[in-house]
Amino acid sequence: MKVLSKAIAKHEEDALAAANESLKQFDAEAIHRLRVSLKQLRAVFNILLFSGQGLIGEEDWKAARKIFKQAGRVREKQLLRERILALTRAGQVPKKTVLAFLEKKEHSAQRKFKQHFTDCGKRDVKKLQKKMQKAAKEITTENLKAYFDDLLQRINHLRAMQNISEAQLHQLRKYLKELKYNRSFAEEEPGVLMDGVLESEKLNAWEELIGKWHDEVVFVQRGEKLKEQMKADGELREVIAEMEEVSSKNSEQLLHELTERFPPGGDGATAD
């Protein structure tokens, strides 16, 4: 299917360009673009995986997953430093010790990413792209329709839950992001997307709001990990506790907004 082949080529090109830019100076935006491009490539990969043609399997994503996780370790330290700096600019006590620790960890993650990507990462992405291109040739309009029907059913199943867990809410976000990335294929292949699916703007707002909530939850989790890694006590614990408190309040507010705008038990990805 040509529309899938074009997307695979574009996402691979974008990922390699962002990775090469990251290797020069590990710019936060470049690292972010690399991870987004790999997520987009994974979204297409899921179509190929779902089709059941047997030409591609979960093991084929292993190399790309390693690149994604290594880039994620770099990005995580960048985000933590940004949050600590934001608290500092808000008039809190300077967090030099924590920032220095995070900078050291970030440099370590950068070295590991650079070594892996230089040694085999670029080759692995190109190899994956070729295998995906071969599998994409076998995808039919019927395969694409079945994939979207299944994805929407999974979204609606989670949306219908009255007491959805944090893990399930995060999974819902991943499904919505996948729908966002792959929806263009449905628009180019008439008839593959069921009637009544919410407009892109509303779906995107839903996914982004869950994403903001999840980011704050992760900040709290990383704060606990930081305290263990730094063997923090006294003033350092206060610094990290500040971040956890801010993130905890933010997550509660976002979860409230989420349930107000997209109440549990609604009609899922289909319009009311």
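Analyst: First, the ground rule for pairs: a salt bridge is a side-chain nitrogen of Lys or Arg within 4 Å of a carboxyl oxygen of Asp or Glu. This is a predicted model, so local features need pLDDT of at least 70 and side-chain atom pairs count only at pLDDT 80 or more, while totals for chains, interfaces and linings use all residues. Residues are numbered from 1 along each chain as its sequence is written, and side-chain values use heavy atoms, with hydrogens and water left out.

Now the setting. Of its 272 residues, 47% count as buried, which means under 20% relative accessible area with a 1.4 Å probe and protein chains only (over 50% is exposed, in between is partly exposed). Take the contacts (heavy atoms within 4.5 Å) with a separation of 6 or more: 79% of them come from residues 24 or more positions apart.

On to the pairs. The whole structure has 19 salt bridges. One of them joins Glu-216 to Arg-83, with 3.0 Å between the closest N and O atoms. Glu-216 sits in helix H7 and Arg-83 in helix H3, so this pair ties together parts 133 residues apart in sequence. Are these two partners buried or exposed? Glu-216 is buried at a relative accessible area of 9%, and Arg-83 counts as buried too, at 15%.

Helix H7 also pairs with helix H6, through Glu-207. Arg-173 makes a salt bridge with Glu-207, the closest N and O atoms lying 3.2 Å apart. Since Arg-173 belongs to helix H6 (residues 166-188) and Glu-207 to helix H7, the link spans 34 residues of sequence. Glu-207 counts as buried at 2% relative accessibility, and Arg-173 is buried at 14%. Lys-177 gets in on it as well: its side chain meets that of Glu-207 in a salt bridge of 2.9 Å, N to O. Here too distant parts of the chain are linked, Lys-177 in helix H6 and Glu-207 in helix H7 being 30 residues apart. Lys-177 counts as buried at 12% relative accessibility. Through shared partners, salt bridges join Arg-173, Lys-177, Lys-180 and Glu-207 into one network.

Back on helix H3, have a look at Arg-75. Arg-75 is buried, with a relative accessible area of 15%. Leaving out residues up to four places away in sequence, Arg-75 touches Ala-28, Ile-31, His-32, Arg-35 and Glu-82.

A cavity is a set of points on a 1 Å grid over the protein atoms alone where a 1.4 Å probe fits but cannot get out, and lining residues have an atom within 4 Å of a point. Its volume is the space filled by probe spheres set on the points, joined across faces, edges and corners. The structure holds one cavity of 30 Å³ or more, and the largest cavity comes to about 50 Å³. Lining the largest cavity are Glu-76, Lys-77, Leu-80, Leu-102, Arg-222, Lys-225, Leu-226 and Gln-229. Helix H3 (62-89) and helix H7 (200-230) are the elements that give two or more residues to that lining, with H7 giving the most, four residues.

Notes:
On a 1 Å grid over the protein atoms alone, a cavity is a set of points where a 1.4 Å probe fits but cannot get out, and a pocket is an open set with protein on both sides within 12 Å along at least five of seven lines; lining residues have an atom within 4 Å of a point.
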